[in-house]
Structure formats: structure tokens, C-alpha cells
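Dear colleague,

I am handing over the structure we spoke about, and below it you will find my notes on what was found in it. Please read them with the model open beside you.

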Amino acid sequence: MLLNFLKCKFKVIFSFSVYLGVFVMLAYLYEMPKGVWEYAIILCLFFGIVFLSYDFYNFKRRYQELRDLEKSIEFSIDNLPVPKSEIEREYQKLIRTLFEKKAEIISKTDSDISNMMDYYTLWVHQIKNPIAAMKLILQSEKGQASDQLQIELFKVEQYVEMVLQYLRLGSDNSDFLIKQLNLDSIIKQAVKKYSILFIKKKISLEYEPVNMVVMSDEKWLVFVVSQILSNALKYTEPRGKISIRREDHQQNILIIEDSGIGISAEDLPRICQKGYTGYNGRTDKKSTGIGLYLCKKILHKLGHSLEIESQMGVGTTVKINLTYKNVRVE
């Protein structure tokens, strides 16, 4: 703080030093008695130090006021200190103008986002009706084309579900209901949802009942397990294998492992970033880079964690640590 004060008062201190130097030089040239000009210099220095000290006291108090104001100015500028000069008054007018402009922009942005969220939420709910109708129509049809259409329609339904979960997660009132859950029931719901893809791709499932009770939210946890299964099915070749098991009986860690194409080492650190698709996504051209991002964010809010291990050409292992810590309210 002292250094900042000296920087602010540099011109004053420099000018005072110059004037004092000129006085000493003139006193010496005109052969003024030494005791007289020394006494004058001491008086000047004394009063200069007194005024500088008083100025530093005011500077320190003002500086602290501004530092305290910095913590609350994001919400209100009503507590701005009383301006002590015309230049401070003009600066405060500028701050108030900028704050009002910022408030207008934030208000308009919030309104636009709210309208967009309302529209997409309505769209997601409306699109479910034609999807349900198409499913009923296809169930009455027979043939390979009908089976393929059912699979593609199922994918559309899952993408719509992902959009809905994305919107819900981004809202301020995400509906989390934490309670004790039988994890085997969660796994069976997810497996049943994707049974059509297991059958179509002839992928074998190795499932060992985990016999685990966890503290979590059923709807969101089903979504996470389903999304990880969806990724495993997407990147596992036909006649491959997916296994679901508990790591050991001492830890609440669920493991979902596949024999798919794997994830490259350089992609692993960023695979859960929003919109990041990596090498597989660029090759597949269908990846959105949203699924694992949602999984990690949901688990974080539920007090769980996610870890992914993979090797190209060997497969991927996803570990969901379901140890309950604290729900993240953001």
C-alpha cells in the first residue's frame, strides 16, 4: 500500500525535492548563514512529512473503502464513497453509467435464455408424441427395414432425452431427490433400455449383481449409467463384449467395461469436456461431445465421481465412484 501511495504522490514529492534543492543552491550562492537555511530546511522537511503522513492516512482509509466495496459492487453501487474531488465525481458518474448498461444487457440476456429454454423444453415434450406414434406403427410392421428403423428411432429418442436432461441440468431448479437406491435396479433399467442394441449388434453382456445400496438420485443415476452404456455400445464392434460389475465388495465403485475401439491417450484428459469429441468423434462424425460432459457434471452434483481408463484397440473401462459425499448445489 505504501508503494502505491508513493507512486500516486511521486510528482508532489519530486516537485518538493526540486524546490528544496533550488532553495539550498540559492542559499549557498548568496552565502546565507548556514544556521538559517539549515533551520529552514528542517522546518520544510518537518511540515512536508506531517502533510505527507496525513495524506497517507487518508489514502489508506480510502484504499480500504474501495477494497471493501469491490466485494459488493457486483450487486449494487449504492455504497460508493462520497467523491472528494470533481474528477472522482466524474469517475463515479462513468461507473454508474456502465453499471446500468451492464444491468440492461444481463436482463436482456437472461430473458433471451429463459425464452430459449422454454421453447426447447416445449419442443422436447412435443416431439415425444410423434416418436411414440412412429414406434407403434413400426411395431406392427415386419422385416429388416422395420427393425433398422426401430433402432434409428430409438437413437432419436435417446438424443431427445439427452436434450431434456441437458436443459434440466442447466436450470436453477434441478430436481434432485437423494435417497437409498438398489444399484442393481438402476443397472437393470439401463440395460433394458438398450436391449434392442445389444440384440442387434450381438454384443454379449457380462453382468454380475453388485448387491450395492447407494445414496443418490434414481432418475439422474439411470441417465448416467444409460449414457455410459450407450457409448460402450456405439464404439464396440458387433459380437463384442460389455461387462458390468462392482470393483470389490469394500468400495462403492461400479465398473462398466467394453471391448470397443478404445480412446487415445491424448484424448483421455479432455474426454469429459463439453463439446470435445476426440479422434473417435472426428472419425465417427456422429459424436456430440455432450454425453460424458453431462455424466461428469451430474455425478459431481450428486457427490459422486467418474474415472475413465482406456487403450486403443483394447477397450474402455469406466469407473463410477458412488460414495456419497455432499450434493453440489450450484
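In strand β4, Ile244 is the bridge partner of Tyr207, and this pair belongs to the four bridges that join β2 to β4 (residues 241–246), two strands that run parallel. Please keep in mind that this is a predicted model, in which local features need pLDDT of at least 70 and side-chain atom pairs count only at pLDDT 80 or more, while totals for chains, interfaces and linings use all residues. Residues are numbered from 1 along each chain as its sequence is written, and side-chain values use heavy atoms, with hydrogens and water left out. Helices (H or I, at least four residues) and strands (E, at least two) are DSSP runs, numbered from the N terminus, and two strands are said to pair if DSSP finds at least two bridges between them.

The sheet

β2 and β4 belong to an open sheet of five strands with mixed pairing, in the order β2-β4-β5-β7-β6. Its edge strands, each pairing on one side only, are β2 (204–207) and β6 (305–311). On average, and with direction ignored, neighbouring strands of this sheet are turned by 10° against each other; for such angles, axes are lines fitted to C-alpha atoms, for helices over the stretch in contact, and angles run from 0 to 180 degrees between N-to-C directions. Strands of a sheet pair through backbone hydrogen bonds, either parallel or antiparallel.

Going on from β4, five bridges join it to β5, and these two strands run antiparallel; Arg246 has Leu254 in β5 as its bridge partner. β5 in turn pairs with β7 in the antiparallel sense over six bridges, with Val318 of β7 as the bridge partner of Ile256. Val318 is also the bridge partner of Ile308, and β6 and β7 pair in the antiparallel sense over seven bridges, with Ser305 partnered by Asn321 of β7. The hairpin of β6 and β7 has three residues between the strands, and Gly313 in this hairpin takes a positive phi near 80°. Six of the seven residues of β7 are buried, so this strand is largely enclosed by the rest of the structure; buried means under 20% relative accessible area, exposed over 50% and partly exposed in between, with a 1.4 Å probe and protein chains only.

How exposed is Leu205? This residue of strand β2 is partly exposed, with a relative accessible area of 32%. Leaving aside neighbours within four places in sequence, Leu205 is in contact (heavy atoms within 4.5 Å) with Val191, Phe198, Ile242 and Ile244. Leu205 and Lys241 are 36 residues apart in sequence, yet 6.0 Å apart in space, C-alpha to C-alpha.

The helices

Two helices can be described together with the sheet. Helix α6 (residues 183–193) lies across β2, β4 and β5 (253–258) and runs at about 175° to β2. Helix α8 (residues 218–234) packs on the sheet, where it touches β4, β5, β6 and β7 (315–321), and its direction makes about 20° with that of β5.

Helices α2 (residues 10–29) and α3 (residues 34–70) have axes that come within 11 Å and cross at roughly 170°, and they are therefore roughly antiparallel to each other (angles under 35 degrees count as roughly parallel, over 145 as roughly antiparallel, 65 to 115 as roughly perpendicular and the rest as oblique). Ile13, Phe16, Leu20, Phe23, Val24 and Ala27 in α2 meet Trp37, Ala40, Ile41, Cys44, Leu45 and Leu52 in α3. The residues of this contact divide into 12 nonpolar, no polar and no charged, where Ala, Val, Leu, Ile, Met, Phe, Trp, Tyr, Cys and Pro count as nonpolar, Asp, Glu, Lys and Arg as charged, and the others, Gly among them, as polar.

For helix α10 (residues 291–302), the 12 residues should span 16 Å at 1.5 Å a residue, and the end C-alpha atoms are 17 Å apart, which agrees; the expected span is 1.5 Å times one less than the number of residues. Nine of the 12 residues of α10 are buried, so this helix is largely enclosed by the rest of the structure; among them are Tyr293, Cys295 and Lys301. α10 is followed by Gly303, whose phi is positive, near 85°.

With best regards
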